[in-house]
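Work through the exercises below with the model in view. Try each task before reading its solution.

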Amino acid sequence: MSVLILEKVKKILGSAEVLSGADLVVDNGEKVGIVGRNGEGKTTLLKLITGVEQIDVGTLKITRGARVGYVEQRPEFDAGVTVRQFVETGLEEVRHVEAELEACGEAMATADGEALEKLMNRHGELTARMEFLGGWEAERTVETVLGGIGLARELWDREARVLSGGEKSRTALARELVAVPDLLLLDEPTNHLDLVGIEWLEAWLQQIHSAVILVSHDRRMLDSVVDVIVEVERGKLVRYPGNYSRYVDLKAERFTEALREYEAQQEFLRKEDSFIKKHMGSQRTGEAKGRRKRLSNVERLERPYDDVRRPRIQLGKVERGGEEVLATEGLVVGPTPDMPLLRGLDLRIGRGDRIGIVGPNGAGKSTLLKTLAGRLPTLGGTIREGYKASCGYYDQELQDLRDDGTPYTEILRDHPRMTDLEIRNHLARFLFRGKDVDLAVKSLSGGERARLTLARLVLTEPSWLALDEPTNHLDLAGRTALEEMLATFPGALLVITHDRAFLDGLATHILEVTSNGVRSMPGNYSEYRSNVLAEQQATFEGNAAAKKREDEQRKRAAEAAAASTTAKPAKPAQAKKRKPANPWRLEKLEKEIIRLEGEREALLAQLSKEAVFTDHAKLMEHQLELAELERDLETKNAEWANWE
């Protein structure tokens with residue numbers, strides 16, 4: 001059954017037709033990835049589905065009663081509402097269904113006949129809906145989701161409207177994840193998540209029952225989560241079965257086949273046209289006229305479209321310099337003197353090193369990079385630059401651009417000796433052509449600002465690069481172009497990015513930044529994750545062994561104490577038999593306890609399996625779930641013991 005149907009949808013923004021006859025069907029539970037160049041209409045498509053924008057032509061149908069979840073890019077929060085309170089509003093339907101279930105159960109205890117049958121049918125519908133929403137454990141998902149997406153516990157009771165922009169976005173995302181809507185719309189959800197949060201989100205999206213429409217440039221996430229790719233191309237929505245890697249292959253195959261068919265038809269048309277011209281007015285005029293008539297009825301194939309536009313990111317001459325680019329001793333970094341984040345750092349960066357910097361949000365990754373690049377002063381220790389070392393720095397906030405400038409003037413102010421033709425040719429490599437070079441910087445999109453920042457950066461001819469989230473605003477074509485340039489860059493590279501495919505393709509070392517300090521590991525991101533998971537598994541096994549020894553010691557002590565006493569224990573007083581006011585509620589509580597105990601045993605067994613402890617997202621999810629199960633069991637057992 002379909003949750004969403006779009007038929008021949010058109011949408012015009014200004015003078016541009018963003019969508020022109022777009023068709024889309026999304027089935028219940030289907031995970032759809034939306035790809036396409038920046039500006040093609042991906043975000044507009046989501047706004048049409050939510051009703052933020054209205055369609056101009058066509059139809060858009062959402063299944064009656066289906067709930068649509070959408071995370072606003074700039075969420076608003078009421079005064080006094082805490083993070084936890086805001087996220088818990090996502091449980092509104094869960095609480096409504098639970099209350100109706102309880103009322104239905106009470107009514108069933110006294111009903112009979114046709115009334116009982118109706119109540120039983122309704123009870124079944126409500127139970128199915130409760131399972132879709134996460135079952136009876138839905139209440140505890142709030143803390144699981146908050147922790148999973150990287151909102152620290154100390155933020156949970158803080159007023160939501162005073163949070164940073166990234167924290168607000170994560171709070172809004174958490175509410176929609178908790179709500180489990182029938183259709184969940186996500187527009188670049190990884191932008192404000194760290195790598196651990198991204199991997200957790202992947203695992204969450206894989207297991208929820210909701211249909212999901214995911215707009216993302218994260219190739220790894222599109223590979224692991226979605227089962228359909230829809231490309232927005234020239235106003236149309238083109239559907240490809242499978243994940244992102246499969247889409248790349250299928251698109252190439254479809255283009256090759258379409259081009260072959262187009263060229264074959266063109267050859268046929270040329271031959272027919274030649275025959276008609278040659279024999280019209282001759283003895284074969286009748287045949288020529290017949291061919292001309294048949295030719296007029298042939299449906300002409302369009303030449304298949306292949307958008308080859310992408311930036312050509314090329315660095316000029318790079319000074320070789322010394323083998324050592326940068327070295328630090330006892331370095332202390334922080335945004336201000338009274339806020340040191342990292343202390344005592346001893347680092348050495350060589351000429352060919354390609355270092356990926358990873359770690360949780362707020363740990364100090366950007367502050368460290370800015371300090372190494374000379375954008376922030378050191379708070380202690382020393383930084384020694386190598387011979388002829390010059391840094392090219394990319395700011396993730398794109399603040400090096402002047403809002404009162406244009407792409408043309410931004411290049412000219414740094415390089416006044418460049419000719420008009422040289423500036424225009426250079427900007428054309430970054431897809432600024434014709435009138436684009438005179439657009440106001442303040443009017444540029446995020447992707448355009450990112451390309452302009454890169455255009456300025458490559459002209460500095462740096463010997464090493466410090467890049468802070470360079471892929472954030474780039475579409476997939478732009479990311480590919482950047483990767484290709486960096487692959488041939490001979491100098492050192494330090495990069496902060498949440499794009500795991502980007503790190504796997506470029507990094508030779510990973511620098512992990514946490515509240516405990518900084519450590520370096522050889523290899524790319526996948527190798528780093530494998531090492532971290534092995535460490536976590538060893539720690540888990542050590543803790544489990546220690547707990548087992550503690551339990552055995554406690555058991556032996558209890559047995560010894562029991563054996564040492566000879567006094568016959570007093571017979572306990574006969575407990576008064578209690579009759580619950582709502583037998584259905586007590587029965588449900590007992591079933592929940594049995595289920596939770598079973599889930600706990602199953603989770604403990606799962607945690608010892610290689611497929612779990614070698615997969616960080618699964619391991620973290622299972623550990624969080626185990627902690628929640630333990631708390632729930634304690635609460636439910638106490639409730640059962642005190643039932644009256």
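**Exercise 1.** Find how many bridges join strand 8 to strand 9, and in which sense the two strands run.

*Solution.* This is a predicted model. Start at strand 9, residues 236–241. Six bridges join strand 8 to strand 9. The two run antiparallel. Finally, look at the turn. The hairpin has two residues between its strands, and arginine 234 takes a positive phi near 50 degrees there.

**Exercise 2.** Determine the sense in which strand 3 pairs with strand 8.

*Solution.* Locate strand 3 at residues 31–35. Strand 3 and strand 8 share four bridges, in the parallel sense. Then check one partner: valine 35 bridges to glutamate 231 of strand 8.

**Exercise 3.** Decide whether the residues of strand 8 are buried or exposed.

*Solution.* Take one face: Val228, Val230 and Val232 point one way. Ile229, Glu231 and Glu233 point the other way. All of these are buried. Strand 8 spans residues 228–233, and six of its six residues are buried, so the rest of the structure largely encloses it.

**Exercise 4.** Describe how helix 5 and helix 6 cross, and which residues make the contact.

*Solution.* Helix 5 covers residues 141–148 and helix 6 covers residues 165–179. Their axes come within 10 Å and cross at roughly 140 degrees. The two helices are therefore oblique to each other. Their crossing is right-handed. Now list the contact: Thr141, Val142, Val145 and Leu146 from helix 5, with Ala174, Leu177 and Val178 from helix 6. Sort these residues: six are nonpolar, one is polar and none is charged.

Methods: Residues numbered from 1 in each chain as written. Predicted model: local features only at pLDDT ≥ 70, side-chain atom pairs only at ≥ 80, totals over all residues. Heavy atoms only, no water. Axes fitted to C-alpha atoms, helices over the stretch in contact; angles between N-to-C directions. Parallel < 35°, antiparallel > 145°, perpendicular 65-115°, else oblique. Left-handed = near helix turned anticlockwise from the far one by under 90°. Contact = heavy atoms within 4.5 Å. Nonpolar A, V, L, I, M, F, W, Y, C, P; charged D, E, K, R; others polar. Buried < 20%, exposed > 50% of the residue type's maximum accessible area, 1.4 Å probe, protein only. Pairing = 2+ DSSP bridges.
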